[in-house]
Amino acid sequence: MEALYTAVATATGGREGHVATDDGVIDKELSLPKGLGGNEAANKTNPEQLFAAGYAACYGSALQHVAGLEKIDLGDFSVTANVSLGKTEEGDFQLEVILDSYLPGLDVATGERLVNEAHEVCPYSRATENNIDVTLNLLLDE
């Protein structure tokens with residue numbers, strides 16, 4: 001692979017520590033989410049939130065890319081990534097993702113095609129393929 005960009009982040013102290021990027025853009029304290037025994041009042045982020053933010057943005061760009069190839073205007077679209085951390089039957093920790101793509105003004109067939117094509121080209125989707133369950137949802141205007 002020819003690297004086009006490399007992000008560098010360092011975490012110290014695990015889930016209740018600190019994470020920062022080498023350029024200082026991200027510089028956040030971490031805490032356990034309430035569902036893992038953390039204090040919701042801590043008002044700090046966690047790895048699943050950071051992953052959800054990155055996946056939503058990357059997948060949104062993949063949608064723009066595939067729509068652009070077909071000269072389709074996505075308008076005021078959005079992608080929401082729901083990242084869940086759970087345990088398998090064997091007791092191992094596992095992630096799962098639900099991607100909700102809001103594509104106003106498109107018909108179902110076009111929307112479904114774009115959502116599936118974006119999943120094929122998105123680097124996050126490619127990286128998680130056959131590793132975690134990713135559910136794709138299409139949300140249209142009613």
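View 1. L69 is exposed, with a relative accessible area of 62%, where exposed means over 50%, buried under 20% and partly exposed in between, computed with a 1.4 Å probe on protein chains only. The residue belongs to helix α1; helices (H or I, at least four residues) and strands (E, at least two) are DSSP runs, numbered from the N terminus. Between L69 and E90, which are 21 residues apart in sequence, the C-alpha to C-alpha separation is 43 Å. The model is predicted, so that local features need pLDDT of at least 70 and side-chain atom pairs count only at pLDDT 80 or more, while totals for chains, interfaces and linings use all residues. Residues are numbered from 1 along each chain as its sequence is written, and side-chain values use heavy atoms, with hydrogens and water left out.

**View 2. The salt-bridge network of E70, R113 and E117.** These three residues, E70, R113 and E117, are linked in a network of salt bridges, a salt bridge being a side-chain nitrogen of Lys or Arg within 4 Å of a carboxyl oxygen of Asp or Glu. In the pair E70 and R113, the closest N and O atoms are 2.4 Å apart; because E70 lies in the loop between α1 and β4 (78–87) and R113 in helix α2 (residues 108–121), this pair ties together parts that are 43 residues apart in sequence. The bridge between E117 and R113 has an N to O distance of 3.8 Å, and both residues lie in helix α2, 4 residues apart, about one turn of the helix. E70 is partly exposed at 32% relative accessibility, and E117 is partly exposed at 28%.

**View 3. The salt bridge between R15 and E48.** The side chains of R15 and E48 form a salt bridge at 2.5 Å, N to O, and the pair links distant parts of the chain, 33 residues apart, with R15 in the loop between β1 (9–12) and β2 (18–21) and E48 in helix α1. R15 counts as partly exposed at 28% relative accessibility, whereas E48, at 12%, counts as buried.

View 4. D100, placed in strand β5 (residues 93–102), is buried yet has no salt bridge, and the nearest side chain of opposite charge, R113, is 20 Å away. Its side chain makes a polar contact with the side chain of N137 at 2.8 Å (a pair of N or O atoms within 3.5 Å; within protein, one must be able to donate a hydrogen and the other to accept it, and residues adjacent in sequence count only if both atoms are side-chain atoms).

How values were computed: Lys, Arg positive; Asp, Glu negative; His and termini not counted.
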